[in-house]
Amino acid sequence: MKQYRKPKDRERILGTTYSYPMGLWFTFFFTIPLGIIILYSFLKRGLYGGVEWKFTLEAYRQMFNPSFGKVVIRTLWISVVSTFICLLIAIPCGYAMAKSKHQTLLLFLIIIPFWTNSLIRIYAWISILSTEGFINTLLIKMGILDHGMHMIYNNGAVILVLIYMYLPFAILPLFTTIDKFDFALLDAARDLGATKLGAIIRVMFPNIKSGLSTAFIFTFIPIFGAYTVPLLVGGKESTMIGNIIVDQVSKTRNWPLASAFSMVLTMISLVGVFWMLYNGKREQSQKEGSGKKNTQENLEQNIRRHHLIRGAK
């Protein structure tokens with residue numbers, strides 16, 4: 001006789017079957033390359049590139065070189081400033097989009113830059129900020145300047161282009177979170193005497209913490225590992241960790257040191273991802289707890305109302 005499986009068993013088998021291709025994909029294209037990087041970071045540098053199969057911590061010792069320390073501090077500073085400005089711009093943008101009646105159009109305008117290659121967009125900024133670029137040419141023709149200003153190949157230009165490149169990654173998660181927010185709570189806070197800004201800070205921000213943490217992670221991590229922007233727009237004093245990794249692989253051919261720096265980026269990314277997941281899980285548990293509390297309060301109120309009605313009768 002033909003045996004019939006329970007629906008739960010069939011769903012479990014189908015889920016396991018569907019997960020195999022993704023599991024293989026992550027194994028071959030994520031886990032194995034990451035394992036190679038971890039292994040190389042503990043090996044000795046080869047004479048003409050590559051590695052020698054001898055265990056050593058020399059690569060991690062070289063990371064404490066003062067010149068590399070300056071690069072790490074500069075990378076942290078540029079990443080924090082760029083991410084902070086992205087969030088400052090993304091919060092009002094996400095709020096305005098959530099309140100707008102033309103959300104589809106606004107989302108379309110934010111996604112449009114992704115249709116263009118990132119190198120083309122960077123070179124467009126070079127043509128805008130260069131000494132003979134659009135801004136300087138316009139100011140000279142207007143008689144405001146006699147000669148072009150130096151607006152490129154410095155940290156300011158790197159921060160500006162990084163903000164432009166990664167601002168959509170901050171706007172989209174914030175818009176998604178703010179769009180689910182109940183704006184009636186802001187009106188209630190205003191009725192209780194709070195200012196508009198105070199209501200946003202004290203009422204809305206605690207309810208969109210998951211969106212803020214996601215926007216922070218989505219901007220900080222790629223900015224921290226950026227390579228092309230500081231290479232093309234920055235100067236000698238704008239080198240970041242991503243440039244160090246590429247130089248160690250292609251020029252110095254110190255693969256263990258490049259792997260060690262890559263491990264630092266990977267660990268920072270993992271910490272950020274786990275922090276984002278933790279915040280999301282905690283916020284979900286708080287919502288479930290508040291929902292259960294409200295349910296219990298409603299039940300108690302219904303019981304009291306029932307007893308009052310019976311007593312009145």
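This is a short chat about a predicted model of one protein chain.

Q: What are the ground rules here?
A: The model is predicted; local features need pLDDT of at least 70, side-chain atom pairs count only at pLDDT 80 or more, and totals for chains, interfaces and linings use all residues. Residues are numbered from 1 along each chain as its sequence is written, and side-chain values use heavy atoms, with hydrogens and water left out.

Q: How many helices and strands in the protein chain?
A: 13 helices and 2 strands. These are DSSP runs, helices being H or I of at least four residues and strands E of at least two, numbered from the N terminus.

Q: Where is Asn 136?
A: In helix H6, residues 134-141.

Q: Buried or exposed?
A: Asn 136 is buried, at 0% relative accessible area. Buried means under 20%, exposed over 50%, partly exposed in between, with a 1.4 Å probe and protein chains only.

Q: What does the side chain of Asn 136 reach?
A: The backbone oxygen of Thr 131, at 3.3 Å.

Q: Switching topic. How do the axes of H7 and H10 cross?
A: At roughly 160 degrees, coming within 8 Å. Axes are lines fitted to C-alpha atoms, for helices over the stretch in contact, with angles from 0 to 180 degrees between N-to-C directions. H7 spans residues 155-179 and H10 spans residues 209-224.

Q: Which residues make the contact?
A: Among them are Tyr 166 and Phe 169 of H7, and Phe 218 and Ile 223 of H10. Contact means heavy atoms within 4.5 Å.

Note on methods
Polar contact = N/O pair within 3.5 Å; in protein donor to acceptor, adjacent residues only side chain to side chain.
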